[in-house]
Amino acid sequence: MSTIVMLVAHRVENLAAMEQALQGEGYALLRAGSREEAAQALADTDVQVVLLASSLPGGNVHAAVRSLRKIHADRPLQILLLAEVSGDAEVRQAVESGADDFIRVPYDPVELQARCRAAQMRWENQASLVKEREFYRVAVAEEERLSSLVLDQNLSLKDAYEKIRRLNEELERANSELEQIAAFDSLSGLLNRRSLFTRIAIEIERSVRLDVPLTGLMIDIDWFKKINDNYGHQCGDGVIREIGAKLQAGLRKYDYAGRYGGEEFFVVLSNTNAQQAQGIAERFRKDMEEMRLECSGDHIGVTVSIGVGRYVGGESQESWIERTDRSMYRAKQAGRNRIEVA
């Protein structure tokens, strides 16, 4: 929704000049030719910014600013006063009367645009604070209402403590479930892509700090599209679940596995060199080769191609993964169901 800016000036040419300067800046512009029109517009419309010409008839403009501030004290209204001034004292008077900013007339259109944009940003910040205060006010009122209800029902301290304890346990369970949902891929049960990348960054930092080897495995299911095409996506989902289960069961407690893409998985092997990682990869490859999965009445075999890549100090996370990924593609090009080392 566009910010609503009201232009208040007695002279039509002044209104036109302000409108021309702000045209195309993304504002919804309103005109008011008098104090009465401005007051009515503020009552009827959620105006955010007011550009007020000091030459407006009807008395002291500073008094008008103070009046607007008093009437609309509950709104983060931004008031910009435009006036011809001869000294700094008049600027201070404008600010002390409640104006948020002051623009000397004649003004540069670019300055007017910048001041108006700054007023919009202040309004957004203040509106956010007002909303936050209201939220806490409602929350406090609700808390007081609940406290009063507890007292009215004459609950014993023991009962209240037990209720809070149960609520805390439920909250901990709910938080644990949310963390699980946020961190893990629902199909494979492994880390999701975001959590995987976080863990990779942690393990790289640990490898560099402790000067210990770190190796990754990029695993890709062979002919996965054919499995989906021939047996359906439910069978494909079953393959992904089976791989997730085997990785979780076969890895060491300090290793991490995540779903990198649709049928790709990345395994982080801490304190492991390339030779050791190749042995781990071979055991998993063989385990998958021997597995049979029932799909649509058939028992199908599933194989994987695996790339092994040891992290090299100084390289980026992306570079390490890319090298390991390329070694996996070499395994595919060499016939699949095999391992290649980067």
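Modeller: Before the labels get used: a helix is a DSSP run of H or I with at least four residues, a strand is a run of E with at least two, and both are numbered from the N terminus. The model is predicted.

Biologist: Fine. Where does Trp223 lie?

Modeller: In the loop between β6 and α8. Trp223 is not a glycine, yet its phi is positive, about 55°.

Biologist: Buried or exposed, or in between?

Modeller: Trp223 is partly exposed, because its relative accessibility is 46% and that class runs between 20% and 50%.

Biologist: On to α8, then. Which of its residues are buried?

Modeller: Phe224, Ile227 and Asn228, in a helix that covers residues 224-231. They span an arc of only 95° around the axis, so they sit on the same side of α8. The face turned away from that side carries exposed Lys225, Asp229 and Asn230.

Biologist: What covers the buried ones?

Modeller: The cover includes β6, α9 and β10 (298-301). After α8 comes Gly232, with a positive phi near 95°.

Biologist: Which other residue has a positive phi although it is not a glycine?

Modeller: Asp211 is one, at about 55°. Asp211 belongs to the loop between α7 and β6. With 70% relative accessibility, Asp211 counts as exposed.

Biologist: And which peptide bond is cis?

Modeller: The one from Val105 to Pro106, where omega is near 5°. Pro106 is in the loop between β5 (101-104) and α5 (109-152).

Biologist: Change of topic: α10. Why does its end-to-end distance agree with what it should span?

Modeller: Helix α10 has 17 residues, 274-290, and at 1.5 Å a residue it should span 24 Å; its end C-alpha atoms are 24 Å apart, so the two agree.

Biologist: Which residues of α10 are buried?

Modeller: Ala277, Ile280, Ala281, Phe284, Arg285 and Met288. Their arc around the axis is only 135°, which puts them on the same side of α10. Gln275, Arg283 and Glu290 are exposed on the face turned away from it. Among the elements covering the buried residues are β6 (214-221), α9 (233-250), β8 (264-270), β11 (304-310) and β12 (339-341).

Biologist: What caps the N-terminal end of α10?

Modeller: Asn273, through a side-chain oxygen 3.2 Å from the backbone nitrogen of Gln275.

Biologist: At what angle do α7 and α11 cross?

Modeller: Roughly 105°, and the axes of α7 (residues 193-210) and α11 (residues 317-333) come within 11 Å. That makes α7 roughly perpendicular to α11.

Biologist: Which residues meet there?

Modeller: From α7, Phe197, Ile200, Ala201 and Ile204; from α11, Gln317, Trp320 and Ile321.

Biologist: Last one: which residues of α2 are buried?

Modeller: Ala38, Ala41 and Leu42, in a helix of residues 35-44. They cover an arc of only 100° around the axis, so they lie on the same side of α2. Exposed Glu36, Ala43 and Asp44 are on the face turned away. What covers the buried residues includes β1 (4-8), β2 (28-32), β3 (49-53) and α3 (61-71).

Definitions and conventions: Residues numbered from 1 in each chain as written. Predicted model: local features only at pLDDT ≥ 70, side-chain atom pairs only at ≥ 80, totals over all residues. Heavy atoms only, no water. Expected span 1.5 Å × (residues − 1). Buried < 20%, exposed > 50% of the residue type's maximum accessible area, 1.4 Å probe, protein only. Arc of directions from axis to C-beta. Contact = heavy atoms within 4.5 Å. Polar contact = N/O pair within 3.5 Å; in protein donor to acceptor, adjacent residues only side chain to side chain. Axes fitted to C-alpha atoms, helices over the stretch in contact; angles between N-to-C directions. Parallel < 35°, antiparallel > 145°, perpendicular 65-115°, else oblique.
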